[in-house]
Amino acid sequence: MTQTNGTGTAPAAPIRVVLRASDAFLERATGAYLQSSSGVNIVPQHGLPDADVSVMLLHSLNDDWLRVLRQDAAARAGGAPVPVVVMADRVNERQLTLAVEYGLTSLLYRSSSSLEQLLDATIEASSGRSRIPDELVGHLIAELGHQQRQQTLAQLSRSGGLAVREVEVLRMLSEGMNTLEISEKMSYSERTIKGIIHDTLKQLNCKNRTQAVARAVRTGIL
């Protein structure tokens with residue numbers, strides 16, 4: 001008898017899934033459940049480039065796990081990232097935006113999602129469908145409106161020899177924002193923003209922020 005998922009359908013062939021978790025027990029238990037479905041085949045991590053879906057079970061989608069996602073995307077050698085399904089206790093908007101860039105397709109909260117829902121989301125991800133909590137959908141829609149602006153920033157950074165975030169910081173400095181306001185806007189620590197400013201001043205050969213902004217305007221960076 002063929003086992004079906006919660007949507008009442010089963011894939012024609014087993015979906016190859018790479019599964020990783022914040023702790024080994026969670027990974028084993030969830031892997032056993034997913035593997036019990038005739039629609040899923042758990043494959044080793046080294047099989048990621050040929051996998052259909054990547055599933056992550058996390059306490060938090062922190063910077064370490066975002067780094068893993070970025071490395072996974074790079075492993076596809078220029079191809080589209082493997083669809084990623086994340087079940088996590090918590091995630092913020094910045095982490096969500098970055099994760100989407102690296103292939104995140106669906107996000108489920110562990111506190112309100114079952115293993116059956118995880119299985120459904122995994123099967124859906126293999127066919128291009130996604131699940132995102134309603135309260136985060138609005139944020140992603142707003143981010144789409146920034147795409148053209150981000151493309152412009154990328155073009156300016158290439159022409160000026162600066163990183164995109166350095167151009168972004170310069171632009172906010174030109175608008176009169178201080179380091180605390182910039183750190184809150186970019187979701188970086190104030191120390192990180194000060195480091196970016198220091199590197200930018202050095203890159204532009206300027207002694208202070210005012211000189212840097214003026215030079216950026218004169219040279220077309222801003």
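Modeller: Helices (H or I, at least four residues) and strands (E, at least two) are DSSP runs, numbered from the N terminus, and two strands pair if DSSP finds at least two bridges between them. Five strands form an open sheet with parallel pairing, in the order β2-β1-β3-β4-β5. This is a predicted model: local features need pLDDT of at least 70 and side-chain atom pairs 80 or more, while totals for chains, interfaces and linings use all residues. Residues are numbered from 1 along each chain as its sequence is written, and side-chain values use heavy atoms, leaving out hydrogens and water.

Biologist: What makes β2 and β5 the edge strands?

Modeller: β2 (40-42) and β5 (104-109) each pair on one side only.

Biologist: How do you know that β1 and β3 pair?

Modeller: Five bridges join β1 (residues 15-21) to β3 (residues 53-60), where at least two are required. In one of them, leucine 19 has valine 55 of β3 as its partner.

Biologist: How do you know that the span of helix α1 agrees with expectation?

Modeller: The expected span is 1.5 Å times one less than the number of residues. For the 12 residues of α1 (residues 24-35) that gives 16 Å, and the end C-alpha atoms are 16 Å apart, so the two agree.

Biologist: Which residues of α1 are called buried, and which exposed?

Modeller: Buried means under 20% relative accessible area, exposed over 50%, partly exposed in between (1.4 Å probe, protein chains only). Leu26, Thr30, Gly31 and Leu34 are buried, whereas Phe25 and Arg28, on the face turned away, are exposed.
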